[in-house]
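Please look at the sequence and the structure before reading on.

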Amino acid sequence: MASSEVDQKFLGKAAKAVENENPLLASVLYKILGLSINLSHQLVKAKKQRRPDGTPTSAQLDLSFHIIWLSREGLVLLEQYVVPMVGAYTELKVLAYKLRASFYHIFVLFHNTPPVSSMGVNTPDPQTTPQSRLDKGKGIARDDDDDTPPTAKPRRNFEGGPVGPPPGFGPETPSAFLLKPGDYLPIAHQYFKEAAELADRILWGSHSLRLSVKTEYAAFLYECVHDAEGSRKLAKETVAQVYDATEGIDNDMFNDACELVTVLGKMMKRGLNSSNKTQASSTGTQPAPRTEQGEASAPPGMI
């Protein structure tokens, strides 16, 4: 995400590189870097606090508010001061496009309406909220308490259940005071496509920033779009392009590329175990035992 260690490295390098020629851009990049480091700690904490039933505690709500606020402030800095100034740069332009998609990725995870993830801060549907008890005290007066014969009473139909508020007047998400509620999934998907296309066009296959774009894009497809097959396909194609690359890279970028290729290799198999178990249970057969280790946890900086 916006908290990826690879992204943080390129943020620091880019800020240092433009410090003399564009002090304003450098200062904003340093601010986004500090925000990204803070955000990475909050995202790790949010992952650890996630409950199986999805019901947030007050501490989880506060943490989600903090994450949404950090992402909102980072997006404002990025769109106002960075994106308009990166036309003459190569890596910084890809990084800016990737960070924009990353901030919207966080909005989709924590603030989307309708929710697409268990990480979100959501308001219960009033139609499914249990009704408060009305039988306290002496009870509710009924028409059949008098002596009027049942045949003389008009029949009334009280079926239909509770009536919800009209459109636009229902309860808002608890984080609505930080960010306008809405469906951020389409725009986030569009920004990921733009970042991936830009990275493919101007960066070589084994470039660690390009791999960072593709890794988070694959995670977004799996977690938010719920396109498991598309996520696995993207991860597989990216790994193949890394092995086809012939450009030389330094040791630091090589280490980052190796780590991201390892993550992409695990994402190529993500979700296959559950689908195999489902298929085996439907056919009555047992799945073949696995010889490799269990699926690893999410990569650094990603939910």
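The model is a predicted one. In general, side chains of opposite charge can pair when their charged atoms come close. The structure holds twelve salt bridges.

| Salt bridge | Distance, N to O |
|---|---|
| Aspartate 256 and lysine 9 | 3.0 Å |
| Lysine 98 and glutamate 216 | 2.8 Å |
| Arginine 210 and aspartate 200 | 2.9 Å |

**Aspartate 256 and lysine 9**

The side chains of aspartate 256 and lysine 9 meet in a salt bridge. Because aspartate 256 lies in helix H8 (residues 251-267) and lysine 9 in helix H1 (residues 5-17), this pair ties together parts that are 247 residues apart in sequence. Aspartate 256 has a relative accessible area of 9% and is buried, whereas lysine 9, at 32% relative accessibility, counts as partly exposed. Both residues also belong to a network: salt bridges with shared partners join Lys9, Lys13, Asp252 and Asp256.

**Lysine 98 and glutamate 216**

A salt bridge also forms between the side chains of lysine 98 and glutamate 216. Lysine 98 is part of helix H4 (residues 91-111) and glutamate 216 is part of helix H6 (residues 208-223), so the bridge ties together parts that are 118 residues apart in sequence. Lysine 98 counts as buried, at 1% relative accessibility. Glutamate 216 is buried too, and its relative accessible area is 0%.

**Arginine 210 and aspartate 200**

Arginine 210 lies in helix H6 and aspartate 200 in helix H5 (residues 185-202), so the parts tied together are ten residues apart in sequence. Arginine 210 is buried, with a relative accessible area of 4%. Aspartate 200 is partly exposed, and its value is 39%.

**Helices H2 and H3**

How do the axes of helix H2 and helix H3 cross, and at roughly what angle? The axes of H2 (residues 23-49) and H3 (residues 58-82) come within 9 Å and cross at roughly 155°. An angle over 145 degrees counts as roughly antiparallel, and H2 and H3 are therefore roughly antiparallel to each other. Their crossing is left-handed. By class, the contact of H2 with H3 has 17 nonpolar residues, along with seven polar and three charged ones.

Note on methods:
Residues are numbered from 1 along each chain as its sequence is written. This is a predicted model: local features need pLDDT of at least 70, side-chain atom pairs count only at pLDDT 80 or more; totals for chains, interfaces and linings use all residues. Side-chain values use heavy atoms; hydrogens and water are left out. A salt bridge is a side-chain nitrogen of Lys or Arg within 4 Å of a carboxyl oxygen of Asp or Glu. Helices (H or I, at least four residues) and strands (E, at least two) are DSSP runs, numbered from the N terminus. Buried means under 20% relative accessible area, exposed over 50%, partly exposed in between (1.4 Å probe, protein chains only). Axes are lines fitted to C-alpha atoms, for helices over the stretch in contact, and angles run from 0 to 180 degrees between N-to-C directions. Angles under 35 degrees count as roughly parallel, over 145 as roughly antiparallel, 65 to 115 as roughly perpendicular and the rest as oblique. A crossing is left-handed if the near helix is turned anticlockwise from the far one by less than a right angle, and right-handed if clockwise. Ala, Val, Leu, Ile, Met, Phe, Trp, Tyr, Cys and Pro count as nonpolar, Asp, Glu, Lys and Arg as charged, and the others, Gly among them, as polar.
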